Amino acid sequence: MATLSEIKRRPVYNPWRLKEVRLVGGSDEFSSIAGVEPLLNLFYQSVWFEEFKKCLPARVGRGSYDTAQFGLLLFAGFLVGYDCLDDLVAFEREPLIRNKFGDVPVPKAFGNWLRDFTSGDLSRFNNLLCTQSFDIRQKVAKDDPFILDMDSTSHIQRGKKIEGVAYNYKNEWCLDSLVGYDELGLCYGMELRPGNTFSSQGGAEMIDRIFSRLPFKKKKNLRTDSAFCEEGVIRVALKHGAKFTLTAHDRIGWQEKAQKIPESNFVSWQWSDKEKQEAIDRRLELPQIQLATLRYQPEWTDNLWFTIVVKRTWGFDRKINEWRWFYYGALTNWDTFYHSLQEIMEHHQGRGNGENFIREEKYGYDLKHFPCKKLTANHAYGLIALLVHNFLRTIALLDNRRNPHFSKKIRRKYVFIPGKLIRHANQWMMKIWDFYKKEVDRLIHAWAAAFSPALAQAG
């Protein structure tokens, strides 16, 4: 039996309990998106805002809202991550937005505003995206070679009356868009098109518009999938002195020739020590990959020859139930004397990075769907979303140049900040926790250092 002194020395067990916090009402004005305030100010004070206003449709009438008010409110909606025009109604309950903008137009008014966009407005907007992206590159990657990833993607719709919806080759009821991203994730243009538009249609013109902004001697690269393996794209790349790698299309007949390449012409893929160790750690067997080349002359020229880098991978074909070589080709004008075949193929496979940003535009800004019936209105909606994408991508690059985050994490860090709107000495202020204040101040200083050096020195 335990003595009294032993019982006293035993620790008292207190079971863990969730603490209760009482909710009380009040008249204080709180905001869950205090980070919108500094981000909107950064864009409003940038050189892009004046160009942004020039892309917006004019609004006339004594009772109408200013067109810049529509544009900035929709801009703020994409900053927050709203999925549709109806979500903008939530701004009516945000004291920060009411204080900055006054009344918030109803969703129907936003729809009418989007329908006022003309083809000329959309063309100016695409030029603004190009200007914005090159301005950002000049600050964060001035000396890096320019790499453009061009691709198209479908946007599956449910409505039957949306202008331009049609079945594509995948039997998807959709709209289609053509986009161009660089290796940093900055967008240089977007064309929204009917769903049954061929992928490469308009691609050469967009590439020409983008590359025209760069000096001929500037190192530039183009990467695309097989849909863009055609004369117009190749000619415009050569016109601007660009190196290109295009996934070889079956229609040029390269696969039959690739299967006749002598075994002695193939070289094995060289795996790095890190890749070998990772395979050992994961108990995986590295695939057997070999590379070779083919000479290719297009039908539309008598004096141009290009290289097709052939990559074959040994694998099991479930259709025929046996092992065989799977072939993949990349048509290129890279010099195979100065660059190894593996270097060229690794560069081309990097075009998957562009597909990551297509996924980002769909899920980060909900461009899987469009809100209007009119095609030009939906096009304008998508262009504003991509303008915000470029803006938040700039924030991500300034925040972490080596591993920039996507919009979801940037919003958590810089947008969804709790704050209290207060008025003192006839001025409105947003009070936030010191932890967030330090993060925001660091971002503003980094922005000023990149885009307003004089302002950064003064601060």
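This briefing walks through the overall build, confidence, salt bridges and selected residues of one protein model.

The model is predicted; local features need pLDDT of at least 70, side-chain atom pairs count only at pLDDT 80 or more, and totals for chains, interfaces and linings use all residues. Residues are numbered from 1 along each chain as its sequence is written, and side-chain values use heavy atoms, with hydrogens and water left out. The protein has 459 residues, and 47% of them are buried. Its secondary structure comes to 17 helices and 13 strands.

**Overall build**

- Helices (H or I, at least four residues) and strands (E, at least two) are DSSP runs, numbered from the N terminus.
- The C-alpha atoms fill a box of roughly 90 × 80 × 55 Å, taken along the principal axes.
- Buried means under 20% relative accessible area, exposed means over 50%, and partly exposed lies in between (1.4 Å probe, protein chains only).
- The accessible surface of the protein is about 25600 Å². Carbon and sulfur atoms hold 51% of that surface. These areas come from the Shrake-Rupley method with a 1.4 Å probe; for residues, only the protein chains shown count as cover.
- A contact means heavy atoms within 4.5 Å. Of the contacts with a separation of 6 or more, 64% join residues 24 or more positions apart.

**Confidence**

- pLDDT is the predictor's confidence in each residue, from 0 to 100.
- The protein averages a pLDDT of 91, and 95% of the residues score at least 70.
- Among the elements, strand E7 (residues 243–247) has the highest mean pLDDT, at 97. Helix H17 (residues 453–458) has the lowest, at 45.
- Over residues 454–459 the pLDDT is below 50. Beyond near neighbours in sequence, this stretch has 4 contacts in the model.

**Charges and salt bridges**

- The protein carries 67 positive and 55 negative charges, and their mean positions are 5 Å apart. Lys and Arg count as positive, Asp and Glu as negative; His and the chain ends are not counted. Each charge is placed at NZ of Lys, CZ of Arg, CG of Asp or CD of Glu.
- Side chains of opposite charge can pair when their charged atoms come close.
- A salt bridge is a side-chain nitrogen of Lys or Arg within 4 Å of a carboxyl oxygen of Asp or Glu. The structure holds 23 of them.
- Asp-208 is partly exposed, at 22% relative accessibility.
- Glu-355 and Arg-351 form another, at 3.4 Å from N to O. Glu-355 is partly exposed at 33%, whereas Arg-351 is buried at 15%.
- Lys-413 and Asp-399 meet at 3.0 Å, N to O. Lys-413 lies in helix H15 (residues 407–414) and Asp-399 in helix H14 (residues 375–399), so the pair ties together parts that are 14 residues apart in sequence. Lys-413 is partly exposed at 28%, and Asp-399 is buried at 15%.
- A network of salt bridges links Asp-399, Lys-413, Glu-439 and Arg-442.

**Loop residues with positive phi**

- Arg-283 is not a glycine, yet has a positive phi of about 60 degrees. The residue lies in the loop between helix H11 (273–281) and strand E9 (289–296). Arg-283 is exposed, at 79% relative accessibility.
- Asn-321 also has a positive phi of about 60 degrees, although it is not a glycine. Its loop runs between strand E10 (306–317) and strand E11 (322–332). Asn-321 is exposed, at 59% relative accessibility.

- Glu-205 is found in helix H8. This residue is exposed, at 54% relative accessibility.
- Glu-205 and Val-233 are 28 residues apart along the chain, and their C-alpha atoms are separated by 8.5 Å.
- In helix H12 (residues 341–349), the buried residues are Leu-341, Gln-342, Ile-344, Met-345, His-347 and His-348.
- The cover over the buried residues of H12 includes strand E2 (146–156), strand E6 (220–224), E7, E9, E10 and E11.
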